[in-house]
Amino acid sequence: MSKPLISKIVESVPPSGIRRFFDIILSMEGVISLGVGEPDFATPWTIRETGIYSLEQGYTTYTSNQGLLKLREAISNHLYHTYGLNYDPMEEILITVGVSEALDLALRAIINPGDEVIIPEPSYVSYKPCTLFSGGIPVVVPTYLKDGFKVTSSEIEKVVTDRTKVILLSYPNNPTGATMDREGLLEIAEVAKRHDLVVISDEIYGQLTYDDTYTPFPSIPNMKERTIFLDGFSKAYAMTGWRIGFACSIPEVIRAMTKIHQYTTLCASIIAQKAAIEAITKGNDRMYEMKNEYNRRRQLIVNGLREIGLPCFEPKGAFYAFPSIENTRLSSSEFAERLLLEEKVAVVPGEVFGRCGEGYIRCSYAVEQQLIEEALTRMDRFVKRYRK
Amino acid sequence: MKEILKILEQDAKVSPEKIATMVGLSVEEVKEKISELEKKKAIIKYRTVVDWEKAGEEVVYAFIEVKVTPERDHGFDAVASRIYRFPEVHSLYLMAGDYDLSVVIEGKSMKEIAYFVAEKLAPLEQVQSTATHFVLKRYKVDGVILEGKEEDRRLPITP
Ligand SMILES: Cc1ncc(COP(=O)(O)O)c(C=O)c1O
C-alpha cells in the first residue's frame with residue numbers, strides 16, 4: 001500500500017513501555033515478579049463453582065445488552081448498602097467487559113473531537129490512549145509525593161480551558177496507592193460545577209482501601225448527575241480473567257454508552273455475569289479475607305522498602321507500593337532493567353505511568369509474603385551497590 | 001487481637017517483630033497480646049501440620065462412630081474422658097444424630113487400629129456399639145489442602 005496503512009491516531013500512541021521486560025523475563029528462570037497488576041489469589045471457589053454450574057446449565061447465550069437484570073440489581077443493592085449510592089438497575093447501570101470497556105465507552109459517549117480530558121498522573125496506562133482513540137486530547141496534571149499523590153483542585157483548575165470536558169479520576173490509584181479524602185473531592189466537585197465538567201471516576205480499587213477514608217465520588221452532593229462511576233470485579237474479587245465490570249451514571253449517559261456497547265460488544269459474557277452475581281452477593285467474606293492479607297503485606301513491603309533505603313509513601317489503597325529510587329541515580333527504566341538482570345526481581349518503572357512517575361518504581365504486593373521478603377533481600381543487595 | 005490470631009493461625013512461626021509490622025503495633029504490645037491469648041487459652045498450642053506419608057512413615061486414620069449410654073450426673077463427659085486419654089485418639093467429638101461420639105484414631109496400621117477398637121474401645125462398659133471407617137486418603141486437614149496447590153498463572157508483568 002502506498003497510503004499509510006494505520007490510522008494517524010493509532011500511530012500516534014507509543015507502544016507499551018513494559019513489553020520489553022516481558023521478553024527478558026521469559027528468557028530467565030527464578031524471577032520474582034512484583035510487576036503484576038492483578039491478585040495472586042485465584043477467584044474464590046464459590047464464584048468459580050457458580051461459573052462451572054452455569055455452563056452445565058446451558059447458560060451459553062447472549063444476555064440483554066445492558067447485562068442481566070439480576071446482576072444490575074445486585075450491584076445496585078451493594079452500592080446502596082455499602083456507600084449509600086442510589087443507582088436504578090433499570091436505567092443507570094451497564095454491565096461491561098471489565099472497567100477497560102466501561103472506560104472506553106464512557107469516553108466515546110461524551111467526547112467530541114478536540115475535547116480535553118484532564119488526567120492526573122501518575123496514572124493507569126489506559127487513560128491517555130483511550131482518550132486519544134475517542135478523539136479527545138489528554139491534558140496531564142502531575143501529582144506529587146509531598147501531597148500524598150492526591151490531585152488538588154487548584155492544579156486541575158490551572159489547566160481548565162473552554163475545551164475541557166472531563167476530569168478523569170482514579171482513586172485508590174494505580175500505581176501510587178493514593179486515596180482522596182472527602183475534602184479534596186468536595187473541592188474538585190466545585191471545579192467540576194464551576195466549569196461544567198463531567199467526572200469519569202475509575203474506582204476499581206475502591207473496596208481495597210485500608211483505612212476508612214474511601215469516599216466514592218458520586219456520593220459527593222450533586223455529583224451523581226455529572227459522574228460516570230466505573231467499578232468492576234477484577235481486583236476486589238480476584239476475577240481479572242473473567243472480564244467483567246460495570247458503569248453507573250444518569251440514564252442519558254448509560255443509554256449513550258449502551259448504544260456503543262450494543263454495536264461493538266453486544267454484551268458481557270453470560271458466564272462471567274453469573275459468576276459476578278455470586279461474587280457480589282456471597283463473595284464478600286472471602287473478599288475481606290483477601291483484603292486483610294493485602295493489608296498485612298502492605299505494611300511488610302512499605303517497611304521493608306524503607307529499611308533498604310528507598311523512601312516509600314504509605315499506600316492507602318490498591319496493592320502497589322511506589323517507592324522513590326532517586327538516591328540510586330538510576331532512571332526508573334534503568335533501575336527496573338538492571339534489577340531484573342542482576343537480581344531477578346521484576347518491578348514496573350514509574351515512567352510508564354506518566355512523566356512525573358519518573359524516579360519511582362511500582363512494586364505490587366499482590367504477591368505471597370515469602371516472595372515479598374525474598375524480593376526485598378535481593379533489592380537490598382542491589383540498592384547497596386548503587387546508592388551514592 | 002483477631003488480626004494477630006489470623007496471622008498465627010496461618011503460620012505459627014511468624015516472629016513478633018514481623019507481626020508488629022503487619023498489624024502496626026509495637027513488638028512489646030504484640031508480645032503482650034500473645035501471652036494474654038496464651039494465658040486465656042485462646043491460643044491452645046503451636047503445632048506442625050505433618051504429612052507423614054511424605055515423611056516416609058506409615059500412618060492410618062479411622063473414624064469410629066460410637067454409641068454410648070450416658071451416665072447419671074456425668075452425661076457423656078465421663079466416658080469421653082476415658083476415651084480421649086488414649087494417645088491413639090487423635091480427636092473426639094460429641095455428636096448430634098445417629099451416634100454419640102465420633103472418635104478419630106491414628107495408628108500405624110489397620111491391624112493396630114482394629115486391635116485398639118476391639119481391646120480398648122468396644123469393651124468399655126458404657127459403649128453399646130462401634131462402627132469403624134478407615135480413611136483412604138487425606139485431601140484437606142485442618143484447613144490445609146495437602147496437595148494440588150494452584151500454580152501462579154499470571155503473566156509476570158501487567159499494567
Ligand atoms: C486503575 C485501573 N483501572 C482499570 C483496570 C482494568 O480493569 P478491568 O480488568 O476491569 O478491565 C485496571 C487494571 O489493572 C486498573 O489498574
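Student: OK, what volume does the largest cavity have?
Tutor: About 90 Å³. Keep in mind that this is a predicted model.

Student: How many cavities of 30 Å³ or more are there?
Tutor: The count comes to three.

Student: Back to the largest one. Which residues line it?
Tutor: The lining is made up of Leu169(A), Tyr171(A), Pro172(A), Thr179(A), Met180(A), Leu185(A), Ser201(A), Glu203(A), Tyr214(A), Thr215(A) and Phe217(A).

Student: Switching topic: how many residues are in the largest nonpolar core?
Tutor: That core has 99 residues. Leu34(A), Ile200(A) and Met379(A) are the ones with the most contacts inside it.

Student: Where does it lie, relative to the domains of chain A?
Tutor: It lies between domain 1 (8-43 + 285-386) and domain 2 (45-283), because both of them give residues to this core.

Student: You mentioned Met379(A). What does it touch?
Tutor: Leaving out residues up to four places away in sequence, Met379(A) touches Leu34(A), Leu305(A), Ile308(A), Leu310(A), Leu339(A), Val345(A), Ile361(A) and Cys363(A).

Student: What about the second core, which residues does it include?
Tutor: It is separate and has 27 residues, among them Ile95(A), Met239(A), Cys248(A) and Ala275(A).

Student: Now chain B. How is it divided?
Tutor: Into domain 1, covering 2-39, and domain 2, covering 60-138.

Student: What distance separates the centres of those two?
Tutor: Taken over C-alpha atoms, the centres of domain 1 of chain B and domain 2 of chain B are separated by 36 Å.

Methods:
Residues are numbered from 1 along each chain as its sequence is written. Chains are lettered from A and ligands numbered from 1 in the order in which they are written. This is a predicted model: local features need pLDDT of at least 70, side-chain atom pairs count only at pLDDT 80 or more; totals for chains, interfaces and linings use all residues. Side-chain values use heavy atoms; hydrogens and water are left out. A nonpolar core is a set of buried Ala, Val, Leu, Ile, Met, Phe, Trp, Tyr and Cys residues joined through side-chain atoms within 4.5 Å. Buried means under 20% relative accessible area, exposed over 50%, partly exposed in between (1.4 Å probe, protein chains only). Domain bounds come from an automatic or database domain assignment. Contact means heavy atoms within 4.5 Å. On a 1 Å grid over the protein atoms alone, a cavity is a set of points where a 1.4 Å probe fits but cannot get out, and a pocket is an open set with protein on both sides within 12 Å along at least five of seven lines; lining residues have an atom within 4 Å of a point. Grid points are joined across faces, edges and corners, and a volume is the space filled by probe spheres set on the points.
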